[in-house]
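Me: I would like to learn how to read the salt bridges, cores and sheets of a model. Where do we begin?
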Amino acid sequence: VVVVDKTVALPGPGTDLDVAASGAVVAAFSKDKAERSFDLNAAEKHGNFPPPSPQSGAAFVDVDKGVLGKQFVNGHLGFTVTATLSPDGRTLATGGWDRRLLLWDTTTGEQITERSFAWLVRRVRFAPDGHLLGVAAWTPVNALNEGDSDPSLLLYPVALENATIAA
């Protein structure tokens with residue numbers, strides 16, 4: 001992450017950056033450079049994902065000091081490609097190519113819930129009031145997705161008091 005004249009080293013290649021209304025900065029990163037390949041796609045079709053890694057996740061970025069803050073790692077299998085912070089700063093959402101959306105408690109650093117999809121999550125963002133979470137995804141190459149095709153853009157109601165993602 002380059003901040004004006006400062007560079008902040010991430011544990012792995014950067015994949016997303018979000019600046020919350022509060023000014024808090026969150027960066028997502030993965031162990032390896034997030035590039036799609038035929039081999040990776042074939043492995044994922046069979047449910048074969050790389051293991052979780054401390055070099056794949058999200059972290060707060062202290063822009064003033066030029067350092068990483070609290071990290072949220074070892075959640076996604078393979079690539080973590082997106083992260084966003086709730087407006088109240090208590091919940092972090094991450095998405096990955098493992099087809100999962102994870103919610104994290106920013107105080108404890110613990111994963112608090114997850115939702116699985118039939119496709120790769122590519123972007124997540126909270127609404128300004130925190131009551132909706134937008135999820136964008138790459139839809140499968142085969143639009144039928146073996147009978148489990150979902151839309152590529154979704155809005156989920158979120159209850160941050162108990163960190164749930166409504167169906």
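Reply: We begin with the salt bridges, and the count comes to 6. Keep in mind that this is a predicted model.

Me: What is the general idea behind such a pair?

Reply: Side chains of opposite charge can pair when their charged atoms come close. In this structure, Arg125 forms a salt bridge with Asp16, and the closest N and O atoms are 3.0 Å apart. Arg125 lies in strand E11 (residues 120–126) and Asp16 in strand E3 (residues 14–19), so the bridge ties together parts that are 109 residues apart in sequence.

Me: Which residues make up the network of salt bridges?

Reply: The network links Asp16, Asp18, Arg123 and Arg125. Another salt bridge joins Asp98 and Arg100, where the closest N and O atoms are 2.9 Å apart. Both Asp98 and Arg100 are buried.

Me: Turning to the chain as a whole, how many helices and strands does it have?

Reply: The protein chain has 1 helix and 14 strands. Of its 167 residues, 42% are buried. The accessible surface comes to about 8700 Å², and carbon and sulfur atoms account for 54% of it.

Me: How much of the contact pattern comes from residues 24 or more positions apart?

Reply: Among contacts with a separation of 6 or more, residues 24 or more positions apart account for 49%.

Me: How should I read the largest nonpolar core, and which members touch the most other members?

Reply: Start with the membership, then ask which elements supply it. The largest nonpolar core has 13 residues, and those touching the most other members are Ala93, Leu101, Phe117, Val124, Leu133 and Val135. Strand E9 (100–105), E11, strand E12 (132–138) and strand E13 (153–159) each supply at least two residues of this core. A second, separate core has 11 residues, including Val26, Phe60, Phe72 and Ala83.

Me: Which residues does Leu133 touch, leaving aside those up to four places away in sequence?

Reply: With that exclusion, Leu133 touches residues including Thr84, Ala93, Leu101, Leu103 and Val124. Its list also holds Arg125, Phe126, Leu154, Leu155, Tyr156 and Val158.

Me: What is the strand order in the open sheet of 4 strands?

Reply: The order is E7-E8-E9-E10, with antiparallel pairing. Strand E7 (80–85) and strand E10 (111–116) stand at the edges with a single partner strand each, so one side of each has no neighbour in the sheet. From one strand to the next, the twist averages 20 degrees.

Me: How many bridges join E8 and E9?

Reply: Strand E8 (residues 91–96) pairs with E9 in the antiparallel sense over 5 bridges.

Definitions and conventions: Residues are numbered from 1 along each chain as its sequence is written. This is a predicted model: local features need pLDDT of at least 70, side-chain atom pairs count only at pLDDT 80 or more; totals for chains, interfaces and linings use all residues. Side-chain values use heavy atoms; hydrogens and water are left out. A salt bridge is a side-chain nitrogen of Lys or Arg within 4 Å of a carboxyl oxygen of Asp or Glu. Buried means under 20% relative accessible area, exposed over 50%, partly exposed in between (1.4 Å probe, protein chains only). Contact means heavy atoms within 4.5 Å. Accessible areas come from the Shrake-Rupley method with a 1.4 Å probe; for residues, only the protein chains shown count as cover. A nonpolar core is a set of buried Ala, Val, Leu, Ile, Met, Phe, Trp, Tyr and Cys residues joined through side-chain atoms within 4.5 Å. Two strands pair if DSSP finds at least two bridges between them. Axes are lines fitted to C-alpha atoms, for helices over the stretch in contact, and angles run from 0 to 180 degrees between N-to-C directions.
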